[in-house]
Amino acid sequence: MSGHRHKEDAYAENYNWDNQFPSNPASYMYSSEYDMGGSEFGTEPQFGSFDYSSTSPSLQTTISGGINMGGYIQPPNSNYVNPTGGPYSGSILTPNPMPSPYVGSGDNFEDEPPLLEELGINFDHIMQKTLAVLNPIKEPEASILQETDLAGPLVFCMAFGIFLLLTGKVHFGYIYGIGVLGCLAMYALLNMMSMSGISVGCTVSVLGYCLLPMVILSGVSIIFSLKGVLGTVMAILVVLWCALSASKLFVTALVMDHQQPLVAYPCALLYGVFALLTIF
């Protein structure tokens, strides 16, 4: 135990707070193997000790035609800072109003056409086509026949299906299926017979408007049955009425003189199928 106490006293004499750190920092000398530049190491200015009080002279110069924005130079013909060509004068919360690139006469809503005209719905032409169907003897205007108006045909087809539905016949699929096939067949036939040709939309429009007498017949079938002799006679007259109206409109639109019977025959076949749906 005396030997251990002797070692602690010797350690306490050599290690005290006075000789823990040398008074002269230069006493930390490095060997030549780890020489970091001698006493000059650490005396150079540290990173970040820059003077921001004055702007560098290189930033004060401006490019020819450019704008000095307090250290940032806006090149000429540059719209990234201000498209108007000058520095911003407003605050960050209330910037200067920017000129709108989309300024023109199209922004005036008063000059826009009505919505029905944009959709292609013209009630005046619908009425004229309806009167031309109801009166096949009168000469229709050729200008209204060139329009592909589908509003009237859709209404007439829907009314035809609803009247048949009221009699207990659900034939919506047959109406639209037979109508599409008949329109395509008439379109191909008329293009082969005429020199000028006709569009699909015009063919559908004429055949759809000429379905109006058949719609009237389906409305009559709600009141009484058409399976008798009187009903058969009425169905034949309505088929002839539809075929005559359709052929008249097609001949007028395509300027097919003396060819109305040739056009009326396939039209009568098409409307005869609709008559069978109405009777049976």
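Predicted model: local features only at pLDDT ≥ 70, side-chain atom pairs only at ≥ 80, totals over all residues.
A nonpolar patch lies on the surface. Its members are Leu 150, Leu 154, Met 158, Ile 162, Leu 166, Tyr 176, Ile 222, Ile 223, Phe 224 and Leu 230. Together they have about 960 Å² of accessible area. Two helices, H6 (151–166) and H9 (212–223), each supply at least two residues of this patch. Helix H6 gives the most, with 4 residues. Leu 150 sits in the loop between helix H5 (142–145) and H6. The relative accessibility of Leu 150 is 38%, so this residue counts as partly exposed.

The search of the whole structure finds 1 salt bridge. Its partners are the side chains of Glu 139 and Lys 248, with an N to O distance of 3.1 Å. The pair links distant parts of the chain. Glu 139 is in the loop between helix H4 (123–134) and H5, while Lys 248 is in helix H10; the two are 109 residues apart. Lys 248 has a relative accessible area of 19% and is therefore buried, as the cut-off for buried is under 20%.

Helix H10 (residues 229–254) also holds Ser 245. Ser 245 counts as buried because its relative accessibility is 1%. The side chain of Ser 245 reaches the backbone oxygen of Trp 241 at 3.0 Å. Neighbours within four places in sequence aside, Ser 245 is in contact with Val 133, Pro 136 and Cys 210.

Technical notes. Residues numbered from 1 in each chain as written. Heavy atoms only, no water. Patch = residues over 30% accessible without salt bridge, like charges linked within 9 Å, V, L, I, M, F, W, Y side chains within 5 Å. Areas by Shrake-Rupley, 256 points an atom, 1.4 Å probe, with all protein chains shown as cover. Salt bridge = Lys/Arg side-chain N within 4 Å of Asp/Glu carboxyl O. Buried < 20%, exposed > 50% of the residue type's maximum accessible area, 1.4 Å probe, protein only. Polar contact = N/O pair within 3.5 Å; in protein donor to acceptor, adjacent residues only side chain to side chain. Contact = heavy atoms within 4.5 Å.
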